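This report describes the packing of a helical chain, from its helices to its core and its aromatic rings. The sequence and the structure are shown first.

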Amino acid sequence: MSLVELITFYLLNLAFWLWVARWGGAEWLEGTFLSGFLVSIWAPRWSAEGIKLFAYGTLFFSTVLFVLALFIPDFRLLI
C-alpha cells in the first residue's frame, strides 16, 4: 500500500468513525439491522452509548496503527 493510499484510507475511516461517535451516527444506527454490517455483528443489540464506545476504541487503535504504518512500512500490510 502506498503512502497516498494509506492516508486516504485513514481519512475515510476517521470520517466514518467520527460520524458514528460524535455527529449522531450512533443514534441513527442504534437498533438497526444496518449497524450489524457497518459497526459489528452484535451492534443491533447495543445502545447508542455502546456504539459510541466501540467507535472511540476503533478510532484509538486505527490511529495507533496509522502512525506506526507511517514510520514502519511493514505495518501497512496490517491495514
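How many residues does H1 have, and what span does H1 reach from its first C-alpha to its last? H1 has 20 residues and reaches 27 Å, close to the 28 Å expected at 1.5 Å a residue; the expected span is 1.5 Å times one less than the number of residues. Helices here are DSSP runs (H or I, at least four residues), numbered from the N terminus. The model is predicted, so local features need pLDDT of at least 70 and side-chain atom pairs count only at pLDDT 80 or more, while totals for chains, interfaces and linings use all residues. Residues are numbered from 1 along each chain as its sequence is written, and side-chain values use heavy atoms, with hydrogens and water left out.

**Helix H1**

After H1 comes Gly24, with a positive phi near 90°.

**Nonpolar core**

A nonpolar core is a set of buried Ala, Val, Leu, Ile, Met, Phe, Trp, Tyr and Cys residues joined through side-chain atoms within 4.5 Å. The largest one has 11 residues, including Trp17, Leu29, Ala43, Ile51 and Leu59. Helix H1 (3-22), helix H2 (25-29) and H4 are the elements that give two or more residues to this core, and H4 supplies the largest share, four residues. Not counting residues up to four places away in sequence, Leu59 touches Leu14, Trp17 and Leu18, where contact means heavy atoms within 4.5 Å.

Ala43 is placed in the loop between H3 and H4. Ala43 has a relative accessible area of 0% and is therefore buried. Beyond four places in sequence, Ala43 touches Ser35 and Ile51. The C-alpha atoms of Ala43 and Phe54, 11 residues apart along the chain, are separated by 9.2 Å.

**Two serines**

Ser35 is found in helix H3 (residues 34-38), and Ser62 in helix H4 (residues 48-71). The side chain of each makes a polar contact with a backbone oxygen. A polar contact is a pair of N or O atoms within 3.5 Å; within protein, one must be able to donate a hydrogen and the other to accept it, and residues adjacent in sequence count only if both atoms are side-chain atoms.

| Serine | Relative accessible area | Backbone oxygen and distance |
|---|---|---|
| Ser35 | 0%, buried | Thr32, 2.7 Å |
| Ser62 | 16%, buried | Leu59, 3.2 Å |

Leaving aside neighbours within four places in sequence, Ser35 is in contact with Leu29, Ser40, Ala43 and Pro44, and Ser62 with Tyr10 and Asn13.

**Aromatic rings**

The whole structure holds eight aromatic pairs. Rings of Phe, Tyr and Trp (its six-membered ring) pair if their centres lie within 6.5 Å; planes under 30 degrees apart count as stacked, over 60 as edge-to-face and the rest as tilted. Phe33 and Phe37 form an edge-to-face pair, 5.2 Å centre to centre with 85° between the planes. Both Phe33 and Phe37 are exposed. One aromatic cluster is formed by Phe16, Trp17, Trp19, Trp28, Trp46 and Phe54.

Terms used:
Buried means under 20% relative accessible area, exposed over 50%, partly exposed in between (1.4 Å probe, protein chains only).
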